[in-house]
Amino acid sequence: MHPDKNLESLTLTPAMFQVLLALGEEEKHGYAILKDVEDQTGGEVRLSTGTLYAIIKRLLSEGAIKECRNRPPADEDDQRRRYYRLTPVGRELAVAEAERMERLVATAREKHLLRRLHTA
Amino acid sequence: MEPPTASRADRIYQALLRLFPFDFRQDYQAEMEEVFREQRTHAEKNKMGLLRLWWETITGIFRTAPHEHLSILRQDTRFALRTLAKNPGYALVAVLTLALGIAVSSAIVSVVAAVLLRPLPYQNDSQLVVLHQVTSKASDGDVAFSVPEIKDYRSQTQSFSSLVEYHSMRFTLYSKDDATRVRAGVVSPGFFGMFGVKPVLGRDLTDADDQTGAPAVLLLSYEYWKQHCAGDPNIIGRTFQMNDRVHTVVGVLPPVPQYPDENDVYMPTSACPFRSAARANRDVHMMQMFGRLKFGQTPDNVRSDLGVVAARLVHDHPKSYPPEFGFTATSGLLRDELTNHARVTLWVLLAAAACLLLIACANVANLTLARMSARERELTVRTALGAGKGRLLRQLATESLIIGLAAAALGVWLASQSLHLLAAFTAGLTPRAREIHMDSTVLLVALAIAIGTSIFFGSVSALHSREDIGGGMKDGAPHTTAGRRRSRTRSLLVVCQVALSLVLLIGAGLLLRSLLKLQEVDPGFVPDRVLAMRMDLNWSKYPRRQQIRELGSRVLERIQSQPGVLSAAISSSYPLDPDNALGEGKNDFQIEGRPLRSGESPRIANSRAATPDYFKTLGIRLTQGRNFDASDNDKAPPVVVINQSMARRYWGNQSPIGCRITFDNAQTWHKIIGVVGDVHEFGPQLPAGYEAYFPYAQYPSLSAVLVRTDRDPMLIAIQLRQTIRDVDAQTAIANVKTLEQARQDAIASPRVLANLLGIFAALALTIAAAGVGGMLALAVNQRWHEIGVRITLGAKPRDVAGLIVRQGMTLVAAGLALGVLAAAALTRMMRSLLFEVRPLDAPTFAGVSLAVTAVALLACYLPARRALGIDPLLALRRE
């Protein structure tokens, strides 16, 4: 089945979105993803290994991420690690989610729930 | 808490990961362990950090693992449904076969649970007992209680916290233009209290209601109140005319099962005219007694307590309890006594249902194994594509479970649809039948059976695939070790099916032979086109015997003049009379000039009053002497006609004609004027007793009307009813039935049981035959090449067919041997259900074994024919 077919039915949880964000710039292994998620949320979201790999399994099966064949140079590599990267589908998904959030934030501002941004 | 050391931490984490499904672990376990190790290395810098890591890890696993299992289950279910849809024949046969097994077993479990396992719906039912007086005077050893005896047991026993009495009467309820017969329970105050039953409306019967001269009162049963009084909430205080008195309703009972009989109304003992008339007579036994044991009393205590009182009665009243009658008293648990007649039948049915379920399971297991052979390549390919063995086994188990659950749903539905039939059958055996219903327990049992059977047949197939998977890319499964093992298991299952169906068939065969013997019994009368009906007079209008005599003559005259009536008679009872089920007219008698010798058992006979045409109407043969005639009236000397058994027993080869007997201690001597043939009064299974017939004119007792007609008797039943009403509108008519119907009803239970077991056995045989045939068909398929080679090498068709038939019949023979042994061990429990047939009846065993062999041969024939049609060239090419 083509992964796109499932995209609409895929509900992105906040934790899944964080994983997609963590992979936004480059491919990463499991531990790096955990650390990134923790850093990018200021320590607010701490994923356990169980949660992380359940998310990875789901994103892999939906075609949002894939395992990379390119590995780091041998001296930096650990054979037990696996590296994951965003697919175009995953990127599209992350962008759509980010835009949705942006729209939400904009609405909140219009309703004066948030202070308006001062642009130069 | 100290965080675990590194290696221990690894082991704990690995153990926690086992909560994830096998496949998940296979994909991610190594990686997760590595990540966790890294997390731990970073967290070890601070103890709190480490504890927090453990907490988050453990809660994370507990949160995500169930989701993973669920998601796999969803996938497996979807996959299983798709696979089953591809092979709907297999799915349909498996579901139907199992559903049949589940339907039969859950229906019978419902009945057994309601009747034998659940406590009675009364408070502390283990304390409720039925009292018995035992004497050799009664044919079944049991006599009812008289009023003075009840008083004695109440005042002299120590073991009971409460003792109550009960008897059932038929009374007539009069309205303006109708008379209805109601079943009335006559009970002592405290009867319902002892069972823990409180009226839903009004009040219970009290001591004041039971005083002589107290206003007549009634308690209505819930069912009667709902059906005949439209559930009127203002019923309390309403009056009913019953016999000669006006009765006021004081209460309505709750909808509890009524024991020992189902009655329409209840009244206090003082209101029953028959009991009142016999209040001081120790020898009029008409009541039953129930008691509640005091706390801590054992059955042994109670028996010895009752025995002591009975011995005292024998000592104090030698005339009422002659020593030769061996009088004593005992008791039994109410719970057991209510189900005595049902117990063996229900256990036999349960065993039969279990057999059927096992056969169904074995059949589905066999089907599944056959299907596994066909799917071997598919499974191998999937393994090669990376599916784990655990994953495949899990998928196979899901398929089995889906079949099991579908079968359970269908089975429970079938069971619920047929339960009322089974309940109607059980009603003939125990009053507890009305408690039979489908409930959550039965649903759980059905579900458990479904899951259990799925695991059984699923695991049989799984076990045999475990080693196959990955090893069977090449065709010709029987050549592999697992293929051979699978074939052995299939053979074993076929042997079991044949054995179990043989057991069922032998059980059914025994019951059928027993039923045929029952039907062959000459009842001693000719039941065709004889109508019987019960008449209940308003006794208060006929206080004198002469009045009853005259009324009888008028009724008889009018009936005899009706078109279609060949002959008619009036009597106090008749053969298979439901109101005479206990043989209530049993009395002891003496023969003139032949006093009872010491040690001789008492002389007892059933007595009955009848008009002269009684024997002609019923077709009872006169063998000696003469019948009653008009001259045997109330002014003539008392006469009696006896039956052949009685004549043979007491006069041997001599003629009893002219001898005199007395039933009232020599106050009245009756001359024997005739001897008539024996009649099976209480059903064909019970021997004819000793019968004494008195002329109606000398003992007027207008209870039953018997009419022989020249047409279908039910056609003139309405007209006869009207004729009787024309003579006296206040006569209630009941039990209108042909004697042929009564005769069929008398063997209804054995007939239904034989039919039920017959149906089970037929189903079992069909399933087993399909099992044998199916297995051989598969064997032919697998031996295609070998058979082809044999044909090429010159094997004759007979040899080829013999090869296949031999393979099948070897298994059948093993099944037969096993089945005969099992049946020999099991049919013993049916002994009490059989009539003139021994549990090891050789003709039945032989006949059934032959029948099974014949069916099995037929089942072997089709695969053998297919083997004959094998084209050797094609077979060789196929390899």
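In what order do the three strands of the open sheet in chain A stand? The order is S1-S3-S2, and the pairing is antiparallel. Helices (H or I, at least four residues) and strands (E, at least two) are DSSP runs, numbered from the N terminus, and two strands pair if DSSP finds at least two bridges between them. The edges of this sheet are strand S1 (28–29) and strand S2 (65–67) of chain A, each pairing on one side only. S1(A) meets strand S3 (residues 83–86) of chain A over two bridges in the antiparallel sense, and Lys28(A) stands opposite Tyr84(A) in S3(A).

A word on the model before going further. This is a predicted model, in which local features need pLDDT of at least 70 and side-chain atom pairs count only at pLDDT 80 or more, while totals for chains, interfaces and linings use all residues. Residues are numbered from 1 along each chain as its sequence is written, with chains lettered from A and ligands numbered from 1 in the order in which they are written.

**Where the chains meet**

Two residues are in contact if their C-beta atoms, placed from the backbone, lie within 7 Å. By that rule, 18 residues of chain B are in contact with 14 residues of chain A. On the chain B side, helix H2 (22–43) and H3 are the elements that give two or more residues, and H2(B) gives the most, with 10 residues. By class, this side has eight nonpolar, five polar and five charged residues; Ala, Val, Leu, Ile, Met, Phe, Trp, Tyr, Cys and Pro count as nonpolar, Asp, Glu, Lys and Arg as charged, and the others, Gly among them, as polar.

Helix H3 (residues 47–86) of chain B has 40 residues and should span 58 Å at 1.5 Å a residue, which agrees with its end C-alpha atoms being 58 Å apart. The expected span is 1.5 Å times one less than the number of residues. Buried residues of H3(B) include Leu53(B), Trp54(B) and Ala80(B). A residue is buried if 20 or more other C-beta atoms lie within 10 Å of its own, exposed if 12 or fewer, and partly exposed in between.

**A strand and its partners**

Strand S1 (residues 128–134) of chain B is mostly covered, with five of its seven residues buried.

| Partner of S1(B) | Bridges |
|---|---|
| S10(B), residues 288–293 | four |
| S11(B), residues 328–333 | six |
| S2(B), residues 142–143 | two |

Leu131(B) stands opposite Met289(B) in S10(B), and its bridge partner in S11(B) is Ser331(B). In S2(B), Asp142(B) is the bridge partner of Val134(B).

The loop between helix H4 (88–117) and S1 of chain B holds Asn124(B), which has a positive phi of about 35 degrees although it is not a glycine. Asn124(B) counts as exposed because it has 12 C-beta neighbours inside 10 Å.

**The nonpolar cores**

A nonpolar core is a set of buried Ala, Val, Leu, Ile, Met, Phe, Trp, Tyr and Cys residues joined through C-beta atoms within 7 Å. The largest has 106 residues, and those touching the most other members include Leu356(B), Leu504(B) and Ala764(B). Helix H10 (residues 334–384) of chain B supplies the largest share of this core, 19 residues. Apart from it lies another core of 57 residues, among them Ala532(B) and Ala605(B).
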